[in-house]
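Keep the structure open as you read.

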Amino acid sequence: MRTLIRHPGTAWITANTLAYAAAVVLWATFSGPLWPALSPLLGGATTLALYGAVLGTSSGALQLAALGTLLPPPRRWLASTAAGWAGGFVPASWAALAVTQAFWADANKYLSNSAVNAAFGLLAGAGIGAGRWLALRRDNRTAWRWVPVSAVSFTLGYGLAAAVVQLTYPLPATPTALVFGVCAGSTTALIEWTWYGRRAIAWGRPQRSSPPP
């Protein structure tokens, strides 16, 4: 597979921005019939896991296209990233619901929204990082660092995207999903790359092709 590793940082950010945007728009457009059908299963966990899997598969595929020679074999990377997203979205959504219910009805909406976004972002991001750890751990003993890096990066990216959507409300569903996906994907990927991704130690095959220092 041809990759775009000549400028790996730009490729990583572009791939994740496009993947988040496409997956969120796809889900917003076509997931309507799935909610009533799947929500009774496992207390709604099935629908949440499916949403995470869609995002994980989309981002994993475009990450391979951008940085394929730095990553594990495609089958392992795709399976691990999809599983990480799916596994992270379920507890993240439950935690966000618990935080929402913990606030009084007259609580400051900005404080409550921030707490909900932080609860969701940290757990979902940790799941994303865990998926990367699963894929990279055979070749990289420090792959566990993707867990805290992804947790913090996704929390900030998700929080910024939520704020931007609130500022641009009301928009139709598809433009809202597009704005959210672009903001969340670009911000998360930029922080990931700046913090950790640009280091050769972050990847599974740094001996073959390393990002610039």
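Leaving aside its neighbours within four places in sequence, which residues is Asn117 in contact with? Contact here means heavy atoms within 4.5 Å. The partners are Thr155, Tyr158, Gly159 and Ala162. Asn117 itself sits in helix H5, residues 109-136. Helices (H or I, at least four residues) and strands (E, at least two) are DSSP runs, numbered from the N terminus. Asn117 has a relative accessible area of 17%, so it is buried. The cut-offs are these: buried is under 20% relative accessible area, exposed is over 50%, and partly exposed lies in between, with a 1.4 Å probe and protein chains only.

A word on the ground rules. The model is predicted, so local features need pLDDT of at least 70 and side-chain atom pairs count only at pLDDT 80 or more, while totals for chains, interfaces and linings use all residues. Residues are numbered from 1 along each chain as its sequence is written, and side-chain values use heavy atoms, with hydrogens and water left out.

Now step back. The protein has seven helices and zero strands. Of its 213 residues, 46% count as buried. Take the contacts between residues at least 6 apart in sequence: 74% of them join residues at least 24 apart.

Next, the interior. A nonpolar core is a set of buried Ala, Val, Leu, Ile, Met, Phe, Trp, Tyr and Cys residues joined through side-chain atoms within 4.5 Å. The largest one holds 24 residues. Leu55, Trp85, Phe89, Phe120, Phe154 and Phe180 touch the most other members. At least two residues of this core come from each of helix H1 (8-30), helix H3 (45-67), helix H4 (74-102), H5, helix H6 (146-168) and helix H7 (173-197). Apart from it lies another core of 19 residues, including Ala11, Ala143, Trp146 and Ala189.

Follow the rings. The whole structure contains 15 aromatic pairs. Rings of Phe, Tyr and Trp (its six-membered ring) pair if their centres lie within 6.5 Å; planes under 30 degrees apart count as stacked, over 60 as edge-to-face and the rest as tilted. Phe154 and Tyr158 are stacked, at 5.9 Å centre to centre and 25° between the planes. Both lie in helix H6, four residues apart, about one turn of the helix. Tyr158 lies in helix H6 and Phe180 in helix H7, so the pair ties together parts that are 22 residues apart in sequence. Not counting residues up to four places away in sequence, Phe180 touches Val24, Tyr158, Ala161, Ala162 and Val165. Ring pairs link Tyr158 and Phe180 into a cluster with Tyr20, Trp27, Tyr51, Trp85, Phe89, Phe120 and Phe154.

Val54 is found in helix H3. Its relative accessibility is 23%, so Val54 counts as partly exposed. Not counting residues up to four places away in sequence, Val54 touches Ala23, Leu26 and Trp27. The C-alpha atoms of Val54 and Trp85 are separated by 8.4 Å, though the two residues are 31 apart along the chain.

Finish in helix H6 with Leu156. At a relative accessible area of 46%, Leu156 is partly exposed.
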